[in-house]
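Good morning, and thank you for joining. I would ask you to open the structure alongside the sequence, and to keep both in view while I speak.

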Amino acid sequence: MSHEDSHKDHAEEHKHSHGHPHPQQPDSEDEPYSHEQVMATALEELLSDKGLIAAGDMSSALDYWASKTPADGARLVARCWTDPAFAKRVGENVNTAAAELDMDIGTTPVVAITNTPDLHNVLVCTLCSCYPIGLLGESPGWYKSRAYRSRVVSEPRVVLAEFGTHISDETEVRVHDSTADLRYIVIPMRPESTEDLREEELAELVTRDCMIGTTVAEGPEQ
Ligand code: FE
């Protein structure tokens, strides 16, 4: 370290020692690059050098996917509840069915799994954090946590109970492991006493977590 540098460090230190402790604020910019970051940056540079992507394509794509919310998934579920023919098409191909509702959910195949009185479905990605971002937006922090990923597979009913979801012993609980090539969405059961609700009102009952399967859809007064 040169004298210059050590002097700068000292000045930096001095700036922060003014009588009260500061919370540690981890600055990811100061962390060494991870293997994935190095690979991603190299790939981006390569694509850019070959003229396959323009500067800014990457960040605008990231912004686009970051703008997604569970509202699209909720709209799809509500349509399934009100239109059995649409529900059937969702069962065959979620990606093309979503396009009918003018949703762009990307090209990764999404498979819909429908809850019934006999079967409750719940999603996980045991390896990392694969998730139907196109329909549900960013995944919640707990979805990516090691605790959820490992425990929901071995003791799904216990984990569901921690979400306040109690599944009857007569109902089978099935856990679906998402991958980079295949994502899932849970079609929850339509709550009782919602016959009079319009499709938009039904969509408001469809939460992110009930499309992951950690909760169930509740009626308006439940
Ligand atoms: Fe994953």
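Predicted model: local features only at pLDDT ≥ 70, side-chain atom pairs only at ≥ 80, totals over all residues.

The protein chain comprises 12 helices and four strands. Of its 222 residues, 32% are buried. The chain exposes about 14,200 Å², and carbon and sulfur atoms account for 53% of that area. As for the contacts, if we take those between residues at least 6 apart in sequence, 67% of them join residues at least 24 apart.

Let me turn to the metal site. Which atoms coordinate the iron ion? The donors are the SG atoms of C125 and C128, together with both N and SG of C130, at 2.1 to 2.6 Å. Along the chain, these donors follow the spacing C-x2-C-x1-C. Both C125 and C130 are buried.

For the geometry, the angles among the four donor atoms run from 80 to 132°, and the site of the iron ion is irregular.

I come now to the charged side chains. In general terms, side chains of opposite charge can pair when their charged atoms come close. The structure holds 10 salt bridges, and I shall discuss some of them.

Consider R79 and E199, whose side chains meet in a salt bridge with an N to O distance of 2.9 Å. R79 belongs to helix α4, residues 71–82, and E199 to helix α11, residues 199–203, so this pair ties together parts that are 120 residues apart in sequence. R79 counts as partly exposed because its relative accessibility is 27%. E199, at 22%, is likewise partly exposed.

A second bridge joins the side chains of E100 and R89, at 2.7 Å from N to O. Here E100 sits in helix α6, residues 94–100, and R89 in helix α5, residues 84–92; the pair therefore links parts that are 11 residues apart in sequence. E100 has a relative accessible area of 42% and is partly exposed. R89 is also partly exposed, at 33% relative accessibility.

My last item is H166. Where does this residue lie? H166 is found in the loop between α10, residues 156–162, and β3, residues 172–177. With 65% relative accessibility, H166 counts as exposed. The C-alpha atoms of H166 and V216 are separated by 9.4 Å, although the two residues are 50 apart along the chain.

The bridge between R79 and E199 ties helix α4 to helix α11 across 120 residues of sequence. Thank you for your attention.

Note on methods:
Residues numbered from 1 in each chain as written. Heavy atoms only, no water. Helix = DSSP H or I, 4+ residues; strand = E, 2+ residues; numbered from the N terminus. Buried < 20%, exposed > 50% of the residue type's maximum accessible area, 1.4 Å probe, protein only. Contact = heavy atoms within 4.5 Å. Areas by Shrake-Rupley, 256 points an atom, 1.4 Å probe, with all protein chains shown as cover. Donors = N, O, S within 2.8 Å, 3.2 Å for Na, K, Ca; no water. Tetrahedral: all angles 85-135°; square planar, octahedral: opposite > 155°, others 65-115°. Salt bridge = Lys/Arg side-chain N within 4 Å of Asp/Glu carboxyl O.
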